[in-house]
Amino acid sequence: MKFHVLTLFPEMLKSALSAGLVGQGLKKNLLQVETHQPREAAEDAHRSVDDRPFGGGDGMIMMADVLARVLEGIRAQGPTRVIYLSPQGPRLDDRKVRELATLPSLTLVCGRYGGIDQRALNQLIDEELSIGDYVLSGGEPAALVVIDSVARMLPGVLGHEESAHRDSFAQGLLEHPNFTRPRQWRGQSVPEALLSGHHGRIQEWKLRLSQLVTLKKRPELLAGLAPAERANLRAFWREMSPEERQACGLQGLQEEDFQRFLGTR
Ligand code: ADE
């Protein structure tokens, strides 16, 4: 998959993209990232890419014509989805990430603090996307979030082909807790089911713990769970020892939470 990034600060992306899974994916050519410097498309002697807003106001506004020239150059390479990173867009989520990962090419437009001329937005941008309800000084950190989250969905980028399917959110659930050696640490033990070597039991434990973690942290994600499943989840939780609940980070989850969850309170 090809990512184009229109940015005044390509150096903000370079080191962040060189490390970790994305860096390895780039080396293996599973994805490509090309940055485009709008200053190179500027036409005046000062290489201006932005100007003061008409009517006054804070910040500088990126000029429509400069953006158009850069984006026309990118589109000349082939079809691409052009996304403007902005706090005004719909919020990025797992579903959107998976949708973007099916595209052959994505173009991420990073504006600076003042934003871009509305007419460029009207004519050149396919969609806006936000990474959350707060304002960044520019779109670059948001572009990194999009590239990272989309790249890990691409075939071959994650070590285990399966793990993107097991991620938090993939099944509409948060991930279960994970443990590694030692089996005992500061009085807390690894849950017995995980040591049982019994595949079915381990899978069941992971699913139930995913549901319990979700109930504790993001209960609204469980809105679709059937009443019988809710009762099963409570039964599973009641079987857990206080020590195991504690080791799994479930302290704080109470009988009353289940009463609310089961609609009996
Ligand atoms: N640019 C500035 N703030 C942003 C945000 N919250 N999400 C995406 N792009 C942005």
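The legends below describe close-up views of a predicted model. Local features require pLDDT of at least 70 and side-chain atom pairs pLDDT 80 or more, whereas totals for chains, interfaces and linings use all residues. Residues are numbered from 1 along each chain as its sequence is written, and side-chain values use heavy atoms, with hydrogens and water left out.

**View 1. Residues surrounding the ligand.** The shell consists of L85, S86, P87, L129, S130, I131, G132, Y134, V135, L136 and A142, a residue being near the ligand if one of its heavy atoms lies within 4 Å of it. By class, this shell comprises eight nonpolar, three polar and no charged residues. Here Ala, Val, Leu, Ile, Met, Phe, Trp, Tyr, Cys and Pro count as nonpolar, Asp, Glu, Lys and Arg as charged, and the others, Gly among them, as polar.

View 2. Polar contacts are pairs of N or O atoms within 3.5 Å. A polar backbone atom of Y134 is 2.7 Å from a nitrogen atom of the ligand. For I131, a backbone N or O atom lies 3.0 Å from a ligand nitrogen atom; for S86, the corresponding distance is 3.1 Å. Of the 260 Å² of accessible area that the ligand has on its own, the protein covers 96% (Shrake-Rupley method, 1.4 Å probe).

**View 3. The two domains.** Domain 1 spans 2-151 and domain 2 spans 168-262, with bounds from an automatic or database domain assignment. Taken over C-alpha atoms, the domain centres are separated by 39 Å.

**View 4. The cis peptide bond at P182.** R181 and P182 are joined by a cis peptide bond with omega of about 0°. P182 belongs to the loop between α7 (163-166) and β8 (184-185); helices (H or I, at least four residues) and strands (E, at least two) are DSSP runs numbered from the N terminus.

**View 5. Positive phi at N29 and R47.** N29, a residue other than glycine, has a positive phi near 65° and lies in the loop between α2 (20-27) and β2 (32-36). R47, likewise not a glycine, has a positive phi of about 55°; its place is the loop between β2 and β3 (50-51).

Conventions:
Polar contact = N/O pair within 3.5 Å; in protein donor to acceptor, adjacent residues only side chain to side chain.
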